[in-house]
Amino acid sequence: MSMRQIFAEQYVKLPVLVNSTTCLGKTYIVTGSNNGLGLETARHLVGASASCVVLAVRNLAAGEKAKADIECTTRKMGVVQVWHLDLSSSESVKRFAAKAEAELVRIDGLIENAGVMLDTWTLAEGGMEMSMTVNVINTMFLGMLMLPKMMARAKTFAIQPRIVFLVSGLAFQNTARRELEKVGKVDVLGGLNNQKKQAMNARYALTKLVETYAVRAFAAAYPFEKTQIVINMVSPGICTTRLARDTSIVMRAAQGVIRTAVARTAEQGSRTILHALLADETTQGKHLSGCKVKEDWIQPWMTNADGQKMQKQIWKELVALTEWAQPGFGTKLS
């Protein structure tokens, strides 16, 4: 897939699809929602008469500031809640999921927006590189932990909740593919944790490729017919956000040039997320972009025999990590 295709997508006119009919009385969780795409997505949901929108954020002070901003612009009080979630920590993910289980009567949508872009090798818990931990491992861990609660509430309230993962068109480029091909077909995550072999300037794209494989496997393992939950993913396009804030000045400058030329605003990008949130069960496991299903972005090398083996192996390793972090996880989902 070429950057030309990604750039062309930037000029698509995007509708705002949420309103009081689609969101009235509903409860949503948006991760990474103190700024950027997450903030604008949450703002739209509050404005569309959701009854509860949880801002899941690492920095509570920034979350409270975002809450005040949303309340000021929407004139709606008592809707936004600010909860702590640090995706670099599996313990934080477990605490968040337990809090949601205990305090939220229903969950109509979980929007997994939080992510990081880094260009220096940084370690998170257990010695795993930070961006792989945040963008893939604990993002999927949160989705897996939330699924039993959402399945139960789907049955109780006769609703069809959504789990939306944010991915990126960069995942489908050869740069990400080459990085993944550096590792074998066994212990993929371990192989990707080799600082000497991995190029950090391609790390974000790589994490989004691995996440895309994981979401496709997750959706296949827990189909809509079994769960009554729609699991899909969306590439929001190139947007003016603070995603590159933790990278070097050179990386930030390069990102700045691209964004100046073709970027959407964060509010415009959030419209693609809202589309995914409202999309029906025919989008199960599918990739969306520009407020349309874009399965043609999924590359042939991802769906051929070798690609399928890679997808199954990534999923196997993620499930094993989840079982290690949360013993008995598989039983809850059986």
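Start by selecting leucine 104: leaving aside residues up to four places away in sequence, it touches Thr27, Ile29, Cys52, Val54, Trp83, Lys99, Lys149 and Arg153, where contact means heavy atoms within 4.5 Å. This is a predicted model, in which local features need pLDDT of at least 70 and side-chain atom pairs count only at pLDDT 80 or more, while totals for chains, interfaces and linings use all residues. Residues are numbered from 1 along each chain as its sequence is written, and side-chain values use heavy atoms, with hydrogens and water left out.

Is leucine 104 buried or exposed? With 6% relative accessibility, leucine 104 is buried; the term means under 20% relative accessible area, with exposed over 50% and partly exposed in between (1.4 Å probe, protein chains only). Leucine 104 sits in the loop between helix 5 (90–103) and strand 4. Helices (H or I, at least four residues) and strands (E, at least two) are DSSP runs, numbered from the N terminus.

What order do they take in the open sheet? The 8 strands follow 3-2-1-4-5-6-7-8, with mixed pairing, and two strands pair if DSSP finds at least two bridges between them. At the edges, strand 3 (80–84) and strand 8 (292–293) each pair on one side only.

Zoom in on strand 2 (residues 52–57), which runs parallel to strand 3 and is joined to it by 5 bridges. Here leucine 55 stands opposite valine 82 in strand 3. Follow the chain from strand 2 through helix 4 (residues 60–74) to strand 3, and you trace a right-handed β-α-β crossover: with the strands pointing away from the viewer, the path from the first strand over the helix to the second runs clockwise.

Next, select strand 6 (residues 230–235) and strand 7 (residues 287–289), a parallel pair with 3 bridges. Serine 235 faces you there, opposite serine 289 in strand 7.

**Helices across the sheet**

Bring in helix 6 (residues 130–157), which lies across strand 1 (27–31), strand 4 (109–112) and strand 5 (162–166) and runs at about 180° to strand 4. Such angles run from 0 to 180 degrees between N-to-C directions, with axes as lines fitted to C-alpha atoms, for helices over the stretch in contact. Helix 9 (residues 203–221) lies across strand 5 and strand 6, at about 160° to strand 6.

Then pick helix 7 (residues 174–181), where Ala176, Glu179 and Leu180 are buried. These three lie on the same side of helix 7, because they cover an arc of only 95° around the axis; the arc is that of the directions from the helix axis to the C-beta atoms. Their cover includes helix 8 (188–191), helix 9 and helix 14 (305–325).

Go to alanine 158, in the loop between helix 6 and strand 5. Alanine 158 has a positive phi of about 55° although it is not a glycine, and it is exposed at 70% relative accessible area. Glutamine 228, in the loop between helix 10 (224–227) and strand 6, also is not a glycine and has a positive phi, near 60°. Its relative accessible area of 31% makes glutamine 228 partly exposed.

Finally, colour the cysteines. How many disulfides are there? The count is 0, a disulfide being a pair of cysteine sulfur atoms within 2.5 Å. For cysteine 239, the nearest cysteine sulfur belongs to cysteine 291, 11 Å away. Cysteine 239 is buried at 5% relative accessible area, whereas cysteine 72 is partly exposed at 46%.
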